[in-house]
Structures are given as C-alpha cells and as structure tokens.
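Work through the exercises below with the coordinates open, and follow each solution step by step.

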Amino acid sequence: MANLDCVKVGDRVRVPDFKVPATEIDGEEKLNFDEVEVAGEYATAYKIEGEQISLVFDRALFRSTIDRNDTGVWKDTQLAAYLRGAFLDELRKETSAADCGLLRKEELWGDNALRFFLNGRNRVCFDKDEDCSVWYWTETVEDAGAAYFYLANYYGSSAHYAADYSYFYVRPRFALKSKIYGA
C-alpha cells in the first residue's frame, strides 16, 4: 500500500490486516454482522481515474444477506450501511480508503464493462479457503423488483436473487486516493 502512485490496473496489493467488530444495523429487522478479521488478504486494482484507485478484494470475506429493501436503492440497504460504516471505519485506520461498497453489474458485464472484467477469470471469486468459487452480491438491483439484486455466480456470469438470501458472499470493493495526490 506504500507505493500507490505506481499501481496499474491489474496489479495486486496486500491489504493491511484489520478487524471489524460484530455490528448490528437497524432496519425493518435488525441485521447482525459477525466479527470479520481481514488478514493476509489481497486486492486488485480494477479502475484508476485521476487520483482515485478502485480495488476489489481477491476473495470473498464473508456471507451476508443484503436485506429486504423496498426502495430498490443500494445505498439504503443494511449491507451498504455496514460496508460504508463499521467496515470502512476499520479499513480507514490502515489505508486512505475513501469509499467502500460492492461491484456493480455494469462494471462486470455488458457493453460498458470495465476492461479488467472482460476477462472472465477476473469476475470469479473464491471463498477464504480457496477450495471453491462462490456467488457474490453486486450493488445493482434487478430490473423486475427492488428485493432482487444481481450477483456474480461461481463461474463469473450474472444472475439475480432475492436480497434476503444469506448464502451468497460479499466481495467488497474500495477506493483509495493515490499518494502522489495526497490522501
């Protein structure tokens, strides 16, 4: 993380170790997030715009529901509140993180997909044991209903599923300010 001004799209960087305490987020129903220990993890730069470097964790960090969200807006979900709250707070203690969330459907697939994700293996994600590839959530709501979000399945294709299904994983993305421009 020390030489961010030299990072290029596709570069892997080691993320400093940090621990996110167990957290409860209010909503229609309370959603509990277990303690998450992030240790020995890597993230890959997938987009660089000006002074901002966007990275995504190479592996899924935990499983979660998004929540039942009738507004159909990612930022209103409990998972978004957790990633932009407790998770980002702990990440900021070790990095210059400016934002945290999930990848978006349009970044991964389709005519406007980012160049990094045109290679299918960059859309595939493994669990922490790296013994199997996993399905992981994106921030994008499925067009047919506010309670369904897109996800990347175990072989990198898109699908959608009910947001309250907790079997799927979370592969956070985050943005950093490069040292060359200051944090």
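Two strands pair if DSSP finds at least two bridges between them, where strands (E, at least two residues) and helices (H or I, at least four) are DSSP runs numbered from the N terminus. The model is predicted, so that local features need pLDDT of at least 70 and side-chain atom pairs count only at pLDDT 80 or more, whereas totals for chains, interfaces and linings use all residues. Residues are numbered from 1 along each chain as its sequence is written, and side-chain values use heavy atoms, with hydrogens and water left out.

**Exercise 1.** Determine the strand order of the open sheet formed by five strands.

*Solution.* The order is E1-E6-E7-E16-E9, with antiparallel pairing. Strand E1 (12–14) and strand E9 (97–101) are the edges, since each pairs on one side only. From one strand to the next, the twist averages 30°.

**Exercise 2.** Trace the pairing of E6 with E1, and then with E7.

*Solution.* Three bridges link E1 to strand E6 (residues 42–49) in the antiparallel sense; across this pairing, Arg14 faces Tyr42 and Arg12 faces Thr44. On going to E7, six bridges join the antiparallel strands E6 and E7, and Ile48 has Ile53 as its bridge partner. Their hairpin has two residues between the strands, and Gly50 takes a positive phi near 60° there.

**Exercise 3.** Which strands does helix H1 (residues 78–92) lie across?

*Solution.* Helix H1 lies across strand E7 (52–57), E9 and strand E16 (173–177), where contact means heavy atoms within 4.5 Å. Helix H1 runs at about 140° to E9, with axes fitted to C-alpha atoms, for helices over the stretch in contact, and angles running from 0 to 180 degrees between N-to-C directions.
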